Each structure stands twice: as structure tokens, then as C-alpha cells.
Amino acid sequence: MATSTNRIALLIEDDSIADWLTMRFLQPAGYQAERLSPGTDLKAYFQLCSPSALIVDSSAPAEILHSLAEDFPLLPLIYYASSLSTEEALQRYQEGFQAVITAQDAPRKALAAIHRVVARHESWQRWVRLDRKRHTQPLERHIKDLERLHRIGGKISASLSTDQVLREVVVAAVELTGAEEGNLMLLEEESGNLLLRAAHSVEDRKTSLLCVPVYDTLLGEVIATKRAINLSGSELTKIKTAFLVRALIYVPLLIQEKAIGVLGVYNREGVHTFSDYHQKLLETLADYAAIAIQNAKYYTASERERQKLYAILTHVRDGVIVLDEEQRVLLINEACRQALNIKAEDYLGKPVDQVLFNSDLVLMLKQPPLRWMKGGEIRLEDGRILDCQVSSIAGVGLVVTLHDITHLKELDRAKSEFVSAVSHDLRSPLTAILGYTELIAKVGPLNERQQEFIKRVQASVRGITALIADLLDLGRIEAGMDAHKELIDLRPLLHQVAGSYQTSATAKDQQLEIDISPDTPLVWGSPVRLEQMIANLLSNAIKYTPRGGKLGIRTWSQSGQLILQVWDKGIGIPPAEQPYIFDKFYRASNLPEDIGGTGLGLTIVKSIVEDHQGRIWVESTLGEGTTFTVVLPAAEPENLQKRPK
Ligand code: ADP
């Protein structure tokens, strides 16, 4: 008998026949008749409504019926005709119809045919459902197992607690294999025993295994062979060391080809044996456990190293600051916190200029990398001076080290004072020596050799006098005795200095080019010292450029700064010596023997530049030439109106 949900679809052209079938047979028998119009999307209808049968007459196009049969092979087709010969009916059955009814059939017979078809359809569907379930059930279990494994895998990367992960692994091992008990044992290197690290039992039984020797045991065999063991029933009874169990799997935990422990599951009471699939699951879980143990080892090792490094950095006497690539603070050690008077505790991760308030240091870190890589000095409020070195470390950021050089500075100052005093005292006797050498020739005739000796004495005394003058100048500049500064237009000064060196350049057939931009800004400074700076650079360019060479001086304005370059196409400076040429008394190794000098000229230049808050650097190629670049801050805008036209 039809149930209330049984639908029967009709694909019948003639209205009266469709009505007759519906009223006479289908509805009274409890079927829900649904007549499909020619425009209906049959596929969609059958998918959505899944009727129990379709009744068609000769009007139904054969290709439609054919494609329906392909898409819905379980759908029973019933053929209706007003009358049909036995051969024709047979023909319909051969075409795939499951029943044939005609107007001449007794109603009971026609209905019985419909019931039969519908009943068969239902039993087919039931069978298909059951079959599908039979096939999908193991698949669903596999998926659930995989999901469980996936979850444990996720926990390993998220958790740092090895105990928790290992316990999780053992519980999963027991549940996924349907075992009664499971445990995880790890090898203790010194004793060679396996020690219990995690256990789980479905009935919460206390585990009897706490420590097992590796020698001559099943567990020992797994460690030695690095292979799993899956045993049950009689295989087990033969093994004396297998404790009373009916089935077990042991799988090794492997790290870099070395067995470090065993994951096992057991059945002591149930007859359930373990399959290869269970063994594979267990092997995957053992891999997870091994990864968790290795992660923990790495973590402990790196944490120990981190703490060691932290202790070293904290206790060194030099200040250390570590910044990330966005200049946020990663570390400030104790020495640095004390030196810079950093009270805040929550400086980690903050931008450096919100934590450090020493203007020299903040300014230095704001400079482009090329500038701070050369390091510098920073002055503390209490007068101490720190040498500051900044290095960039790929993947970390910047490391700033601060070293107290106050005592060295003090020593340097004392030395400069001493040199100044001695130089000053030497000046008068030297002037006297020079005076007397000039007088000697006047008091009596000298032979040629005597005249030659007198000239040499005079040259040496002039050399010493120049050296003393340089030393005294340096002493004054370093001691900050050139306090007088004014607003200066360097353009006329540059022309004047260049003019005074024109004769020396011409004497060496050199071409002196002067390129002074009209927008060269005003600077705040000492005219005497700036003139000395330009003169030193220009005289070096002439001195170290061979006869007939080219040299020049140029200036321009850039980003609120005055840029001055003194260049030449001379002998150049060896690259390895370039860092030292500003040091006192340093003279490069490539100088021709007949070119004299004190080695103090560039030291004076650098001191003057720094005294004017400027910067100086050299670029030079051996045998091709040298360019010295001086950058001086332009005078404040409010002073610019005083600029001469
Ligand atoms: P010096 O009295 O020897 O010229 P400086 O301090 O002026 O001393 O210069 C130091 C050294 O730098 C020089 O001895 C020389 O080796 C090198 N130097 C300076 N200027 C130039 C230049 N324009 N070309 C090549 N070398 C130079």
C-alpha cells in the first residue's frame, strides 16, 4: 500500500486520461499524483521530488525517456495505453518499462501493477542506502581518525608542554586502535632502561610498567631493530617477556634514525587483535611524539643559550641596545640603562625615540646608515663621553654599543695641553735660531758648503715652526678657544683663497677650476678657521697632484646644507689607508719622497669641520684622484635676510 509521501509523476498529454488516472487510481490508493507539463525541467524535478514512479503514454518523446533512464536508473517507468496487444505490451517491457497498464485492465489489476512497481522501487532504494552505508562507514571512520591525527599534529606545533602532548598521543593511540591500554616509554641513555612517560587505560587501571630493561625484552627488540611489532594470541604466549596480554602493537619513536622510545597499545582481556591499519595509525602517532620530544629538546637548548646570552649582555660593563628593523627596542642592558638613566620598565617593543632621550644618540640613529656606521661620540648629562658604535645585523636590526671613553678624552685633553705648552715654549728659541742663521751670512763670508748647511738648517727650522703652528692651532681648536663665530658668506672667501693658491697651481702648470654656485648658503662660523680649512684642502690638492694636472673647488646648496668639494686628478690615496688620513701625523704610504708635510693638515680640517657641526669624508681612487666633501649646516633662515646680494 502507498504511504502518504509516495508520489507518482505523470507525463501524459491527454487531460482526460491524466485526470482519469489520477482520480480513478492514484488518489484513491493514497498516491500523490503530479502531472508534469511539457515545459517542466524533468531532471530538476526528479532530483528534488524523487517520485516513486513515472507513468507515461505514447506522447512521451523517446529521447526524454532514454535520458531519464540514464540519469535515474532506479526510477520505475509505467506505460499507459488505451489498449495494447500482447506483442505491443511485450515490446514495452523490452524497452525497459516495469509495468504496462491499459484502460481495459480491471482497476484492481492496474493498481496491483502500480503497487508492485512502487514496492520494488522502495526495496531497491533501501538496498542502495544500506550498501552506501556499508561502503562509507569505514571511510567515515578513517576520516575521523585522520581528523584526530590532524588535531594532535596541530597541538604539537602549538604546545610547548611535552607531557601534555605525549599524554594526548597515548590517549589517541588507545582510542584509535580500540585497545584497552596504551603507554609511551622513553629510553634513558645512562641506564639503558625504558622509563614510562605517559599511560592511558580505558578502565583507569594502574599501569604495571614503570621501568623496563631494554635487554632481552620485546620492547628492547623494538629499540634495537627500530621496527614495529604487532602480535596476538599464540604468537604472544611463546614470548616469555611479554606480560599477560592477548594482543599488542609496539612502534618505535625515531629521531634521526635513532630509536628513543616505544609507543605501545595492549589488549589483556578482549580478544580484539590489531590490524595493519592500526599499526600505521600508531606509527604516525609515534612520529608526532618524536617531533614533540625533539621540539622540546630544541626549545630547552635554545632557551638555555638565550639565557646565557642574556646574562652576558646584562652583565657586560659596556652599554648594549638592540633594536629591530623598525628601530623598536628589543633589549637594553643594565649598564646602558644606568648610563642613559632609563627608568621605564616597559620599553620593550617601543620606538627608540620614545625610550632614549639622549639627543646625541637619537640624532645619530636618525642619520642614514652610512653615517652611523662610522660611529661617534655621545655626551651624557653628567659630562661623561661614550663612544657609540652601531652595527646592522641582518634579520635582527641594529645593535648599539656604548663604551665609556671619558678617561681617554681626559688623557687626550691633558696631552693636547702639554703639547700646546711645549710648542708655545719652543716657538721663541726657534725664531731666535732662524734669526741667527740669517745673521751668520751678514757677519762674514761663507763658503758654498757652509751656505748649503745654513739653508738646510733654515728649512728644518721652518718645518719645525710649521709643525708647531699646526700643533698650536689644533690645540686651540680642540680646546674650543675659537669661540667667535659670525654669519659668513663663503663665496668671496672661496674666491680669495683660490686666488691666493693660483700662483702655486700655475707654477706646476695645473688647471684650477672654481665652480661656486650662486645659491651657496650662508653659514655660521669662524672666518679664520674656515679659510684655514679651505686652504689646507686646496694646498693638499696642489701638493698631491702631479705637474699639468687638474684640480678644483665647487660648492652648492642641498637640503638646507652647504656642500663644498675640493677635488683633484692627483695621486689618490690607497683604499686601506683612507680611514686613517684624518689621524694626527698620518701620511699615506704612496707619497713621493720630496713632498714634505706634518701630517696634521687634515686633522686640523676635521676639527674645524666638527667645530662647525659639519661632516667631512674622502673618496679617492689610487692614481686617479681624490675628492674631499665637506657638509656644513646652512645658517638659520631668520639670518638669511642679512645675506649680501
Ligand atoms: P700632510 O702634511 O702630509 O699633507 P695632511 O694631514 O694634510 O698631511 O694629509 C695627510 C695625508 O693624507 C697626506 O700625507 C697624504 O698622504 C694624504 N692626502 C691628503 N690630501 C690628499 C690629496 N689631495 N691627494 C692624495 N693624498 C692626500
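**Strands, sheets and a ligand**

Mentor: Strand β12 (residues 319-323) and β13 pair in the antiparallel sense, over three bridges. Strands here are DSSP runs of E with at least two residues, helices are runs of H or I with at least four, and both are numbered from the N terminus. Two strands count as paired if DSSP finds at least two bridges between them.

Trainee: Which residue stands opposite Val 329 in β13?

Mentor: That's Leu 323. Before we go on, this is a predicted model, where local features need pLDDT of at least 70, side-chain atom pairs count only at pLDDT 80 or more, and totals for chains, interfaces and linings use all residues. Residues are numbered from 1 along each chain as its sequence is written, and side-chain values use heavy atoms, with hydrogens and water left out.

Trainee: OK, and what is the strand order in that antiparallel sheet?

Mentor: The order is β13-β12-β16-β15-β14, an open sheet of five strands. Its edge strands, β13 (329-332) and β14 (376-379), each pair on one side only.

Trainee: What about the parallel sheet, what order do its strands take?

Mentor: That open sheet has five strands in the order β2-β1-β3-β4-β5. At the edges are β2 (32-35) and β5 (99-102), each pairing on one side only.

Trainee: How many bridges join β4 to β5?

Mentor: Four, with β4 covering residues 77-81 and running parallel to β5. Tyr 80, for instance, has Ile 101 in β5 as its bridge partner.

Trainee: Switching to the ligand: how many residues surround it?

Mentor: There are 20, and the closest are Asn 540, Tyr 544, Asp 568, Arg 587 and Leu 602.

Trainee: How much of the ligand's accessible area does the protein cover?

Mentor: It covers 98% of the 530 Å² that the ligand has on its own, with areas from the Shrake-Rupley method and a 1.4 Å probe.

Technical notes:
A residue is near a molecule or strand if one of its heavy atoms lies within 4 Å of it.
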